[in-house]
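Have a look at the rings first, then read on.

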Amino acid sequence: MGGLADQLRRTIAHHGPITVAAYMETVLAHPRHGVYASRDPFGAEGDFITAPEISQMFGELIGLWCAVVWRAMGGPDPVALVELGPGRGTLIADALRAARGQAPFLGAARLHLVETSRRLRDRQREALAATDLAHPPAWHDTLDDVPDDAMLVVANEFFDALPVRQFQQTPQGWRERLIDIDPDGGFGFTLAPSAAAQALVPASLGSSPPGSVFEVSPSAIAIAHALGRRLARRGGAALIIDYGHTDSAAGDTLQAVRRHRFHDALDAPGTADVTAHVDFAALGRAAGEGGAAVHGPVPQGVFLESLGIGARATALRAGATPEQAREVAAARRRLVDPAEMGTLFKVMAVTAPAAPPPPGFA
Ligand code: SAH
């Protein structure tokens, strides 16, 4: 752990306070000490648990969603099946298994996994070993490297891991929140005048009270814009699932989670996953400016119910032991209940402009 804190301290000592985005980027993606490079943050033993790790139903329903959307697109061959940030590869493995009955879709699909962590790429390769793909999967560091074909894109808890910049309102106007070294040697926030604030904080938030924080993820916006441009030009659809807010509003959502507990985001960097809530309005605007149509966001619970998670749970319970049946029911509740993941998590689709609303967005 000393490694990452020392590295950050040296950077700040030499260059001055760093943006929250630069901090997040280092903590998450540092090739040796970063969270995704140095540990497996998923699952009951890790820091947090994601929907595909809760239940196979999640990836299965998304696999069927992809097959249905592909047919509605006229069945393009090839179609790039893209996952952004596949984690352990559970979602895509469940999706491909559920799509087994859809041979033409699987025959057309070229799987492209966008993943920066070498360690997680290995996990993904293992997860896919049992799937019978007609074409071998390819890994890429960024969406830019994925061939420019018609695409079906899935991104679950990907955008929340992208770095955000934070701005804070003061009596003198918006300032950028930077991270500096405290007198005690730890990390703390400081405010600095910022030319970017003018461009990045919406004018509608001009009268927010002092202390208000506004977050922007330039990399999330750039990726949403690129998705919008590609989908408008080549056709296809993207499914973005994450926790976040429907409107661009003020709020400090930077959070760190270690072993399922919240943790100070500036304490012991590299030992906890650091994320921020997703601003769906900002992603939707960027995709729309790229030329695509935006559907939703809808609450995850509503989305999964309309895709038939109830029927899938019933089918799984039919052949199960009483213990397994209880687990299936509990997993469904966890994914759809408004008090659990059902409302905080939202689902947005981005499609070619003339495409009909995809399943779940009618
Ligand atoms: N979708 C998975 C994992 C979510 S965690 C699930 O639902 O379980 C975020 C994932 O995005 C990890 O696989 C992480 O390594 C990857 N990731 C984070 N930032 C990235 C970036 N800038 N480019 C590509 N992958 C990234």
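This is a predicted model: local features need pLDDT of at least 70, side-chain atom pairs count only at pLDDT 80 or more; totals for chains, interfaces and linings use all residues.

1. A word on terms: buried means under 20% relative accessible area, exposed over 50%, and partly exposed in between (1.4 Å probe, protein chains only).

2. Residues are numbered from 1 along each chain as its sequence is written, and side-chain values use heavy atoms, with hydrogens and water left out.

3. Now the rings. Those of Phe, Tyr and Trp (its six-membered ring) pair if their centres lie within 6.5 Å; planes under 30 degrees apart count as stacked, over 60 as edge-to-face, the rest as tilted. That gives 6 aromatic pairs. One of them is Trp 70 with Phe 105, tilted, at 5.6 Å between centres and 55 degrees between planes. Trp 70 sits in helix 5 (residues 56-72) and Phe 105 in helix 7 (residues 103-108), so the pair ties together parts 35 residues apart in sequence. Helices here are DSSP runs (H or I, at least four residues), and strands likewise (E, at least two), numbered from the N terminus. Both Trp 70 and Phe 105 are buried.

4. Back to Phe 303 and Phe 361: their ring centres are 5.4 Å apart and the planes at 50 degrees, so this pair is tilted. Phe 303 belongs to helix 12 (residues 300-307) and Phe 361 to the segment after strand 16 (345-351), 58 residues apart.
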